[in-house]
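Visitor: I have a protein model open and would like to go through it with you. Could you walk me through it?

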Amino acid sequence: MAKRNSYYWLCQIGGWGLVGLSMLFYAFTFKEEISNAYLYRILIYIVSGIVSTHILREFLKRTNWLLLPIEKMVTRLAAAVVITSILYGLLVLGAYEVFKFENKSKLDFSTRLFANVLNIGIFMIPWTLLYYFYHYIEKSRRQQVDTLKLESLVKELELKTIKSHINPHFIFNALNSIRALIDENPNRARNAITELSNILRSSMQAEKLETVPFEKELNIVKDYLALEYIRFEDRLRIEYQIDEDTLDQPVPPMMLQTLVENAIKHGIGKQISGGIVKVISDFKNDFHELIVLNSGSLNGHINGDGFGLSSTKNRLQLLFGEKANFEIKQVDGLVEARILIPVEIK
């Protein structure tokens with residue numbers, strides 16, 4: 001950021017310095033003598049130009065106009081050039097009054113202001129266009145980088161480990177959501193790419209590890225729900241009730257994420273008004289209890305084809321013994337997926 005600001009000020013001083021030099025060249029060509037007053041006038045032109053265009057720059061940054069497409073910027077840029085030129089003229093004439101420069105033309109204030117606006121408008125137009133197109137090209141370059149990252153993620157989806165753990169519909173939904181955000185909210189789009197990368201990375205590592213700390217699994221779930229929130233917006237309410245003492249407990253990788261994904265697919269996704277997903281982690285007797293609650297109904301049966309639900313209980317018992325358990329049931333209008341993992345007494 002500091003380096004970019006240095007370039008900006010270098011361009012500002014250099015550009016308006018060239019304007020001053022062009023005025024000097026004009027004076028040498030058509031005037032016999034250059035007085036000190038004339039040099040002061042050139043300095044006023046340079047300083048006024050820097051001040052007025054810097055104010056324009058700050059306005060463009062604060063209004064986020066630079067993120068708009070070209071067709072929406074034409075009239076805005078035209079208005080910006082006119083207003084900035086008027087501001088420039090006021091600064092020049094104000095400085096003339098402060099330094100008591102004589103009005104040799106004997107013209108009234110409004111006429112002199114109009115003349116200054118016309119004279120300087122020829123410089124404001126290229127300044128504004130150069131500044132806008134610099135940022136337009138920069139934005140396009142960032143979008144290309146984001147696109148390359150997305151293409152890289154799509155290639156990763158071809159890996160067998162990804163196919164066995166991540167619902168492809170979620171991947172396509174996430175990519176579409178990120179694509180929509182690239183123009184609207186580039187910062188959020190970059191964060192979403194990071195969240196999706198975290199999920200994919202954990203999925204690839206899942207087959208290499210039998211267990212991971214619950215904290216790591218919880219972070220993946222938070223990334224997943226953050227991506228789904230882009231799609232559902234206010235239709236999705238998320239709550240966490242986590243006992244911090246459970247964060248270091250071992251859990252099977254991607255198991256909690258599987259339950260949450262199932263809650264979105266078979267619960268929230270089928271509710272017109274959306275609903276809630278609540279993740280609970282606590283100790284109960286000698287067990288680490290994990291619960292995922294979601295709005296919806298089982299309709300009298302359990303969807304065994306949900307991602308890994310049919311094998312979750314077997315996987316738990318293989319890792320933690322017969323005491324480990326998994327069940328899904330209807331509780332007060334919510335679907336509850338509940339995991340019990342025995343806690344080792346140290």
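This is a predicted model: local features need pLDDT of at least 70, side-chain atom pairs count only at pLDDT 80 or more; totals for chains, interfaces and linings use all residues.

Visitor: What is the average pLDDT of the protein chain?

Guide: The chain averages 76 on this scale, which is the predictor's confidence in each residue, from 0 to 100, and 78% of the residues score at least 70.

Visitor: OK, the overall build then. How many helices and strands are there?

Guide: The protein chain has ten helices and seven strands. Of its 346 residues, 42% are buried, a word that stands for under 20% relative accessible area, with exposed meaning over 50% and partly exposed in between (1.4 Å probe, protein chains only). Among contacts with a separation of 6 or more, 75% are between residues 24 or more positions apart.

Visitor: Let's go to strand 5. Which strands is it joined to, antiparallel?

Guide: Strand 5 is joined antiparallel to strand 4 (residues 275-284) by eight bridges, and to strand 7, also antiparallel, by nine bridges; two strands pair if DSSP finds at least two bridges between them. V279 stands opposite V292 of strand 5, while L290 faces I339 in strand 7. Eight of the nine residues of strand 5 are buried, which leaves this strand mostly covered.

Visitor: What about the turn between strand 4 and strand 5?

Guide: The two strands form a hairpin with two residues between them, and N285 in that turn has a positive phi of about 55 degrees.

Visitor: And which strand does strand 6 run antiparallel to?

Guide: Strand 6 (residues 325-331) is joined by seven bridges to strand 7 (residues 334-342). Their hairpin likewise has two residues between the strands, and D332 there takes a positive phi near 50 degrees.

Visitor: Switching to charges, how many salt bridges does the count come to?

Guide: The count comes to seven, a salt bridge being a side-chain nitrogen of Lys or Arg within 4 Å of a carboxyl oxygen of Asp or Glu. One of them joins K329 and E336 at 4.0 Å, N to O; K329 is partly exposed, because its relative accessibility is 36%, whereas E336 is buried at 11%. Shared partners also link K284, E289, E327 and R338 into one network of salt bridges, and E327 stands opposite R338 in strand 7.

Visitor: What about E228 and R231?

Guide: Their side chains form a salt bridge at 2.9 Å, N to O, and both residues lie in helix 8 (residues 214-232), three residues apart, which is about one turn of the helix. E228 counts as buried because its relative accessibility is 3%, while R231 is partly exposed at 35%.

Visitor: Still in helix 8, is E217 buried or exposed?

Guide: E217, which is placed in helix 8, is buried, with a relative accessible area of 2%. Leaving aside neighbours within four places in sequence, the contacts of E217 include V212, V251, P252 and M254.

Notes:
Residues are numbered from 1 along each chain as its sequence is written. Side-chain values use heavy atoms; hydrogens and water are left out. Helices (H or I, at least four residues) and strands (E, at least two) are DSSP runs, numbered from the N terminus. Contact means heavy atoms within 4.5 Å.
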